[in-house]
Structures are given as C-alpha cells and as structure tokens.
Amino acid sequence: MDFFQSQETARRNTVRLVVFFGLAVLGLIVITNLLVMLLFGFLQTGEEGISLSVIAAQFDWQVFLLIGAFVSLVIFGGSAYKTMALSGGGTTVAESLGGRLISQSTTDLHERKALNVVEEMAIASGTPVPPVYLLEDEQGINAFAAGFTPGDAVIGLTRGTIAYLSREELQGVIAHEFSHILHGDMRLNIRLIGILHGILLLGLIGYYILRSVRGRSNKNTGPILGLGLGLLVIGYSGTFFGNLIKASVSRQREFLADASAVQFTRNNTGIAGALKKIGGYAPGSALETPEAPTMSHAYFSNGVSSFMQSMFATHPPLDVRIKRIDPHWDGVFVPVTHEVAETESATGQTAAASRAEARKTAVTGVVIASQILEHVGQTGPAQLDYAASLLDELPKAIHEMVHEPYGARAVIYCLVMTTQPAIQARQLQQLEAFADTGIFELVSQWLATVKALDIKFRLPLIDMALPSLRQLSAAQYQLFKKNLLLLMQADRRIDLFEWSLQKILFHHLDAEFGRPGKRVAKFGSLKAVKEDIDMLMSMLVYACVQDKTQVKAALASAEEELQAGKLVLLPRQQINIDNLGAAVDQLALLKPLIKPRLLKACLAVITQDQNYSPNEMELMRAIADVLDCPLPPYLG
C-alpha cells in the first residue's frame with residue numbers, strides 16, 4: 001500500500017471518527033433528555049396514567065440545554081482525560097498492559113531474538129529502533145505496536161510470542177506491527193481508546209448511582225434507580241456501537257497489515273506460521289490483564305473474547321487470515337507443545353550476509369527520484385538482508401555500547417568529534433569538564449574505533465542509540481544535548497552529517513522529554529509554506545550542487561516538482577541550524593498527499609549532479625525523518 005495514501009486514509013479515518021463521535025454525543029444528549037422527561041412524568045403521575053403527552057409536557061429548552069451541557073462535559077471531559085493519560089505515547093500504553101522494557105543487555109535468548117528482529121526491521125525500514133516491551137505473565141501468542149508516530153512507537157510482545165515462535169514466524173509478526181507503525185494506525189488506535197472511554201463514563205455514572213441506592217427502600221428510590229439504570233443503559237449502548245465501529249475499522253487494517261508483512265519479508269510462511277500456531281495453541285492469543293479490552297483493536301490477534309465474539313471481534317477469523325496469506329493451507333493448525341530452542345548468535349545473522357555482500361559499496365550514479373520515493377514507508381527482503389548484514393559487520397563492542405545509556409552517549413559524541421588534533425583536544429576537554437562521570441573515559445577509549453567505521457554505519461548507530469537515550473533523566477538529556485551542540489560548534493561550522501544527526505536525535509528526543517503537543521497536519525498547499533520551502537531548497541543547493549552553473553537548473557527542477565511558484569535562493573548567512581530547523585518543522589505539518597512533491601523537489605536538487613552520495617543520503621533521510629516519512633536504505 002502506498003505510504004502517503006495510507007497516511008491520508010488514516011487522517012481521514014480520524015476525521016470520520018470525530019464526526020461519528022459528535023453524532024454519538026448528540027444522540028446521547030437526546031436519549032438522556034428523554035430519560036429525564038420520562039422520570040419527571042413518572043414523578044407527576046405515579047405508576048398509573050403516564051403517557052406520551054405527559055412525557056412531552058415535561059420538555060423545557062433550558063432543561064434540555066442544561067442536560068446537554070452536562071452530557072457533553074462528561075463525555076468530552078472523559079475522552080480528554082483518557083487521551084491526556086495516553087499522551088506519553090507507546091510507553092504509557094505498554095506499561096498500562098503490564099509490560100516491562102526489555103533490557104538491551106539481556107542474556108535471555110528469547111528476548112535477545114526479539115530485540116534483534118525489531119532492530120533489523122527498523123534499520124531496513126528507515127525508522128528509529130523502537131523500545132520493546134515484554135508482557136512477562138502473558139502466555140498467549142500476541143503482539144502490538146503503540147504510539148503516535150514512528151518516533152515514539154513501541155513494540156509489545158507476550159512471553160508466549162517470543163518463546164513459542166521461531167525467528168521466521170516472529171519476523172512475520174513484527175513486520176505486521178511495523179505496518180501499523182508506518183501506515184498511521186497507531187494514532188487512530190489511541191484516539192479510539194479516548195473516545196470510547198468518554199462514552200463509557202455515562203455508564204459508569206449510572207453504575208455508581210445504582211450502587212448508592214442499593215439496600216435503600218423509600219418513595220424516592222424508584223426515580224433515582226431509574227436514572228441510574230437509564231444512564232447505565234445509555235452509556236453502554238454508546239459503547240456497544242463504538243465497539244462495532246472499532247471492530248469494523250480494525251478488521252480491515254489487519255488484512256492490510258498481514259499483506260504488508262508478506263510484502264516486507266517476501267515470505268508468507270512466517271506470518272502464516274504464527275497464525276497457525278495461535279490456532280493450535282491452548283491459550284491462543286488471549287491476554288489475561290484486566291486492561292486487555294482497552295487495546296483490543298491494536299493486537300496482532302484477538303486478545304479478548306466475549307459472548308458476541310463475531311460482532312465485536314476486532315480481527316478477522318484466523319482461518320480467513322491464513323487463507324488470504326497461504327491459499328494452499330490444508331486447514332490444520334500447528335500444535336504447540338514446547339518452546340522454540342534458541343541457538344542463534346547475538347545478531348541472529350543467517351545467510352543474509354552473503355546475499356547482501358554485493359550491496360556493501362556506496363551508492364552512486366543516476367538516481368531517479370521516483371525510485372527512491374516508492375520505498376518511503378516500505379521495506380523488503382533486500383533491505384532486511386542489508387540490515388542483517390550491517391549488524392553482523394558492526395564491531396560487537398560498539399553494538400553493545402549503543403544498547404546502554406552511557407555507551408550510547410559516548411558513541412554519539414564520537415560521531416561528531418573532528419579529526420583535527422587541536423579542535424579534537426578542545427572537544428575532549430569539554431567532555432572531561434562537563435559530561436557525566438565515565439563518559440569522557442568511554443569517548444577517549446573508543447574514539448578511534450568509531451571514527452574508523454564506514455559511513456554506512458552512522459545513521460543505523462543513531463537509530464540504535466535512541467532507545468537507550470530515552471532512558472536518560474531529564475537533567476541528563478539536557479546536559480547531553482548541550483554538550484553535543486558544543487562539540488558540533490567547536491570547529492565553527494555545521495556539516496551535513498552534523499545537521500542530520502542533531503535533527504534526527506532532537507526530533508525524537510525533544511518529544512520524549514519535552515512532551516510537546518502532537519503535530520496535526522494543517523497545510524493543504526505548498527504555497528502556504530513557501531518561505532520555509534525557500535529555506536530548505538537554498539540549503540540543499542549550497543550543500544549539494546557543487547557546479548555553480550547547475551544552480552539554476554537545480555532550482556528549475558525543484559520548481560517543476562513543487563508547482564508552487566518561483567523559488568528564491570536565500571543568502572548563505574540566512575541558512576543556520578535554527579532557521580532551517582524551524583522551516584523543516586513547519587513543512588512537517590503538510591498534509592500527507594502533499595509531501596511527495598516536496599520530497600521529489602529535494603531529490604531533484606540533491607541528484608542534479610547525477611550522484612547520490614552517502615552524505616546526501618544521510619541528509620535526505622534526516623529531512624524525510626522530520627517530515628514523518630520513513631526512508632529506508634537506498635540500495636541502488
């Protein structure tokens with residue numbers, strides 16, 4: 001499925017969800033008013049003589065509006081509260097389900113396998129490596145992805161999933177979850193949780209009213225009991241229809257995610273095998289945590305069961321899903337009797353290295369923008385092989401370092417250190433004086449090794465370091481950020497890689513520690529952000545067009561892609577980190593179907609010289625990352 005179209009579909013589904021929510025609120029206001037009119041009529045006439053005319057006589061606009069305001073306040077307030085409670089993104093969701101963060105230094109082979117597969121999938125798809133949470137006490141085979149954007153996503157896995165699935169089957173499940181990450185499903189999932197919670201509150205109020213009158217017996221009990229029962233019915237009626245909508249939306253997205261998993265891995269036996277094991281496993285995919293129903297629409301397979309399973313099922317039946325993936329399936333599920341034996345190496349590397357051997361060299365030559373863009377938000381077996389090979393080549397010590405907070409900071413510092421002796425000495429003095437204890441020693445020890453790494457390792461190292469850097473305290477992060485900026489400014493210039501590195505890091509980590517409001521697409525026209533486009537294109541011209549005679553041609557190519565008027569080449573002195581960062585942040589607010597034109601324009605400038613160098617790939621990846629358009633490794 002096209003990444004940009006799927007993002008637009010998710011955005012439109014969110015708009016529809018808000019519309020349906022508004023209609024549901026209006027309906028509940030009307031029903032609640034009818035209930036109140038019925039109760040007042042009952043109080044006036046008693047048990048005998050109540051009629052439609054008596055009920056209609058109770059209507060009063062002031063009462064109607066007052067009740068409407070009360071119902072709206074309860075529903076919108078409840079939804080806002082739940083949505084705010086989930087504003088922490090995927091981490092909050094995972095922890096609410098009882099998940100614990102899997103340590104990157106784990107020695108458990110099942111956990112190690114899960115981390116390796118997630119890491120490979122992230123590098124192959126061009127996304128930051130998401131933290132992986134384990135639902136330790138859940139023996140059912142299930143998984144989920146949660147968060148608002150790829151930058152704050154987490155993967156959740158049950159103990160049954162990592163213990164009973166082979167590496168190939170686990171890769172299929174994780175590819176399915178990455179489809180949800182890439183296609184914008186996660187944000188919709190969280191909004192669904194918030195909306196349904198608001199509607200449910202009316203039912204909860206009715207429940208507590210019923211409890212308050214339990215055991216009492218007087219003439220006023222009847223109306224109060226009726227009010228409580230009425231609110232209970234109204235609240236749960238709203239939830240009934242809300243669950244129908246949730247189930248319907250979820251089932252269609254599960255089919256798409258299954259298809260994407262096969263597309264990503266070019267292997268239908270992995271995900272099909274996982275589904276067959278769920279069918280042949282006694283606990284199936286059930287989750288035991290009381291919070292399981294809240295996220296029922298976000299799991300890999302049905303996590304809860306109900307007496308109306310077919311109506312409220314958030315996932316298609318197992319046999320239907322398997323048949324779509326494996327048309328030749330004989331209908332027999334795979335019995336699960338024992339855990340999978342884990343014997344693979346730390347990276348889980350198989351024959352991928354030999355298949356990716358030919359792709360170790362830098363990519364150069366004529367590059368067509370459409371060939372690069374068609375991979376946005378997608379991945380495939382070639383990228384997965386490349387990721388596995390890359391991890392196998394990375395020195396084990398460096399790989400281990402980025403998996404813990406101290407080592408991750410040291411590796412990032414090493415990446416921006418200069419090779420000029422005098423400036424490097426000043427940079428080391430900066431770290432010795434201000435970095436956290438132990439960081440200076442790590443940088444001094446590993447600086448030469450990190451600087452000797454091939455350029456192809458730089459972006460993957462940043463992606464792999466992000467989960468560890470998220471574990472810093474707020475004070476540690478602010479110190480890390482300050483030191484990093486000072487190191488980059490030591491030579492009084494910011495090169496392309498340094499800008500790319502700081503933009504990717506701060507884009508994801510500032511959101512983690514600052515908790516800014518979630519970005520909502522609001523620009524439907526490139527002309528609305530013309531000044532920001534001028535800033536970005538000017539930077540690309542100065543950075544990537546070496547032949548001055550090609551500047552006009554590069555701008556003309558970009559103008560042709562943008563169709564937003566004539567571009568203005570800004571003076572060099574206007575191009576700095578702050579101005580450029582602000583411009584790219586504004587461009588991130590473009591609506592999904594507008595972004596391909598912007599990315600094509602960027603590529604038109606970058607590839608004007610018929611070359612797509614590793615430095616330019618890093619720059620393009622940074623721009624795409626901030627635009628929330630994951631760009632996987634380009635293999636030529």
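Analyst: Buried means under 20% relative accessible area, exposed means over 50%, and partly exposed lies in between (1.4 Å probe, protein chains only). This is a predicted model, in which local features need pLDDT of at least 70 and side-chain atom pairs count only at pLDDT 80 or more, while totals for chains, interfaces and linings use all residues. Residues are numbered from 1 along each chain as its sequence is written, and side-chain values use heavy atoms, with hydrogens and water left out.

User: Is Phe480 buried or exposed?

Analyst: Phe480 counts as buried, because its relative accessibility is 1%. Tyr477 is buried as well, with a relative accessible area of 0%.

User: How are Tyr477 and Phe480 arranged in helix H21?

Analyst: They are three residues apart in helix H21 (residues 474-488), so about one helical turn separates them. Helices (H or I, at least four residues) and strands (E, at least two) are DSSP runs, numbered from the N terminus.

User: How many aromatic pairs are there?

Analyst: Rings of Phe, Tyr and Trp (its six-membered ring) pair if their centres lie within 6.5 Å; planes under 30 degrees apart count as stacked, over 60 as edge-to-face and the rest as tilted. By this rule there are seven aromatic pairs. One of them joins Phe144 and Tyr299 edge-to-face, at 6.4 Å centre to centre and 70° between the planes. This pair links distant parts of the chain, 155 residues apart: Phe144 is in strand E3 (residues 143-146), and Tyr299 is in the loop between helix H10 (268-279) and helix H11 (309-312). Both Phe144 and Tyr299 are buried. Tyr477 and Phe480 form a tilted pair, 6.5 Å centre to centre with 40° between the planes.

User: Which residues do ring pairs link into a cluster?

Analyst: The cluster consists of Tyr413, Tyr477, Phe480 and Phe513.

User: Which charged ends sit over rings?

Analyst: A charge sits over a ring if NZ of Lys or CZ of Arg is within 6 Å of the ring centre and within 35 degrees of the ring normal. The charged end of Arg321 sits over the ring of Phe300, 5.0 Å from its centre. For Arg458, the ring is that of Phe497, and the distance to its centre is 3.9 Å.
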